[in-house]
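Colleague: Thanks for sitting down with me. Please take me through this one, beginning with the rings.

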Amino acid sequence: MSKGVTFYFMRHAETMLNRMERVQGWVNAPLTDKGIRDTQRSGRGLADIRFDAVYTSDLMRTIETANIILEENHHADHLIPKPMKEFREVNFGYYEGLDANELWRDVHKYMREVYHLESVDNQVQLFLNTVHELDPYKMAEDYKTFWMRVESGLLYLLNEHADTQQNILIVSHGLTIQNLLHGLIADFNETQRLSNASVTKVQYIDGQFKLLSYNGTSHFVKE
């Protein structure tokens, strides 16, 4: 009988660009005081979980978030986060750092004019391909580029941890986690944006991915 493995996908703490509702992909920004406090609360709620390994993207906001989580954990003395560029957020190219409303306005307009769609919900591939098309410099990732990058990181995790019955923490980014779930979980249709420092649990067992929980914040310890 397979032992499986459980992945805890956590979105990073709130940053200044998050607070200002700016587009934040590969660009970085410092964590806000609220982001640090909320991550501490999340970490305290996870303090008794024994993680066997911790991975982050190679962007500072995920590394700093992981370090806060580990400071609160009761079993983390031996753990050192491993940064992986594979788990970076989507690269938004031209739109990096701009008002998020500008990005959504341009995307919705393009979707209506080209695909006759009024909503981008659950249109993962079209959304990323649209941002790529709208970027005059073509630096934004299209879906194929994004998926190949993230999939290579996932395959690494499976090679290291499948059938170990371990708990693995991956601190990554909102769209990266959501798009990853779209690619792994059959009939995944969640459209709720992931909260900062939230936890989404996924089990991999007998060759199948199973969503155990999504966007969990109920474990946050009250201040």
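This is a predicted model: local features need pLDDT of at least 70, side-chain atom pairs count only at pLDDT 80 or more; totals for chains, interfaces and linings use all residues.

Colleague: What is the relative accessibility of Tyr 156?
Modeller: Residues are numbered from 1 along each chain as its sequence is written, and side-chain values use heavy atoms, without hydrogens or water. Buried means under 20% relative accessible area, exposed over 50% and partly exposed in between, with a 1.4 Å probe and protein chains only. Tyr 156 counts as partly exposed, because its relative accessibility is 29%.

Colleague: Which geometry does the pair of Tyr 94 and Tyr 95 have?
Modeller: Rings of Phe, Tyr and Trp (its six-membered ring) pair if their centres lie within 6.5 Å; planes under 30 degrees apart are stacked, over 60 edge-to-face and the rest tilted. The centres of Tyr 94 and Tyr 95 are 5.1 Å apart and their planes stand at 80°, so the pair is edge-to-face.

Colleague: Which residue joins Tyr 94 and Tyr 95 in a cluster?
Modeller: The pairing rule gives 10 aromatic pairs. Ring pairs link Tyr 94 and Tyr 95 into a cluster with Tyr 137.

Colleague: How far is Arg 88 from the ring centre of Trp 26?
Modeller: A charge sits over a ring if NZ of Lys or CZ of Arg is within 6 Å of the ring centre and within 35 degrees of the ring normal. Arg 88 lies over the face of Trp 26, with a distance to the ring centre of 4.4 Å.

Colleague: Which helix gives the most to the lining of the largest pocket?
Modeller: Helices are DSSP runs of H or I with at least four residues, and strands are runs of E with at least two, numbered from the N terminus. Helix 1 (16-19), helix 4 (100-115), helix 5 (124-134) and helix 7 (174-184) each supply at least two lining residues. With 5 residues, the one that gives the most is helix 7.

Colleague: Over how many bridges do strand 5 and strand 6 pair?
Modeller: Two strands pair if DSSP finds at least two bridges between them. Strand 5 (residues 199-205) and strand 6 (residues 208-216) run antiparallel, and their bridges number 6.
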